[in-house]
Amino acid sequence: METHDPERVRGRIAAFPRERTWLLPALEAVQASEGWLSLESLEAVGEHLRVPKSEVYGVATHYPEFRLARPGAHLIRVCTGVSCRLTGSLECLGRLQARFGIEAGQTTADGQVTLEEADCFFVCSAAPLVEVDGACHGRVNPAEAEHVPVWYRFSRAPHAAGVARPSAPPELPGESARARLAHLVEAARRRARERPPIRLLVQAGSCGAAVGAEEVVKALRTLAAMRGLEAEVLEGACNGICYGQVAVEVRREGWPRLTVTNVTKDRVPDLLHALFSTEAPVSGFDGVVWADASWRGFPPAREHPFLRGQHRVLRAQRLAHLAVPVPGDARDRPGQRELRGELLRSEQVVQGRG
Ligand code: FES
């Protein structure tokens, strides 16, 4: 475990505006850098943000996510939220306690491992979850707890990926919102023209990442190159199909948009063969086609067992809000009208209600 370094702490917080409102992000940044919050770190944060020590200490001790004691070289956190409990996380925890000879909340005598219970990681669709050195592992079988050391990372930056950093908005040419929007639209069209004909978008949000999205991306890139497929493999964010991660969205000119679910790295060769070496129906994979009729064995959303009863109320409401201009309202300005039009043109709301 890295030791507390006052210079590094000051460097981490220097970019934050000196206002109380940045207290939580600054504490998160320091914990991401140091692995824990020492009293010296808390004082440095308070001094920089001009917040009293008592208030900094109060906030740091209020949130269980903040750690006020130095953890071991490797930090293992087992989610004991409701979904994980129901799917076996307590058994995982018990196995880990036995494996390392410590209780949750303790560190091994050699300072190598700290074991903690954690509240919900908000990756419930991949329950049960065990986080090792900042990386979540989902759908963990209790027997796998014995092999947790293979998940250790040797240069740990816990939670660093999730830390919000103050950043400036990108510079765009043009005086008006309309000009800047036109610039963005043209840049997007240019990127679309230059793309390879096949796009494979791997959903690598929190749920996908917890069940192997990174490995699926690597396997797709390697095997697509070996097969000579003109394909672009991209890591995408959550598409809302958390239950079916890892999900791969397939786009190709002339094909309907397709989402294949529950893809693992071991099944990537079969998937690429089934999709691109024949035109026959694809068997052995689940998924959904975003069209009116089924396609190569994949059902449309309105017939899909999980999706057919869904209606994207939130998205529909947001569009309705954008679509109804209020006289004199900012939404009625020219740039906003164009944005609204673009969104409405590109929208594909799933309507089937069971
Ligand atoms: S209950 Fe474990 S991630 Fe939500």
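Is K265 buried, partly exposed or exposed? K265 counts as partly exposed, because its relative accessibility is 44%. Here, buried means under 20% relative accessible area, exposed means over 50%, and partly exposed lies in between, with a 1.4 Å probe and protein chains only.

A word on the model. It is predicted: local features need pLDDT of at least 70, side-chain atom pairs count only at pLDDT 80 or more, and totals for chains, interfaces and linings use all residues. Residues are numbered from 1 along each chain as its sequence is written, and side-chain values use heavy atoms, with hydrogens and water left out.

Now the salt bridges. The term means a side-chain nitrogen of Lys or Arg within 4 Å of a carboxyl oxygen of Asp or Glu. The structure has 13 of them.

Back to K265. Its partner is D266, with the closest N and O atoms 3.5 Å apart. D266 is exposed, at 61% relative accessibility.

Next, R20 and E55. Their side chains form a salt bridge at 2.8 Å, N to O. This pair links distant parts of the chain, 35 residues apart. R20 sits in the loop between helix 1 (6-13) and helix 2 (23-34), and E55 in helix 4 (residues 53-62). Helices are DSSP runs of H or I, at least four residues; strands are runs of E, at least two; both are numbered from the N terminus. R20 is partly exposed at 46%. E55 is partly exposed too, at 28%.

Last, R77 and E116. Their closest N and O atoms are 3.7 Å apart, in a salt bridge. R77 is in strand 1 (residues 74-79) and E116 in strand 3 (residues 113-118), so the pair ties together parts 39 residues apart in sequence. Both residues are buried.
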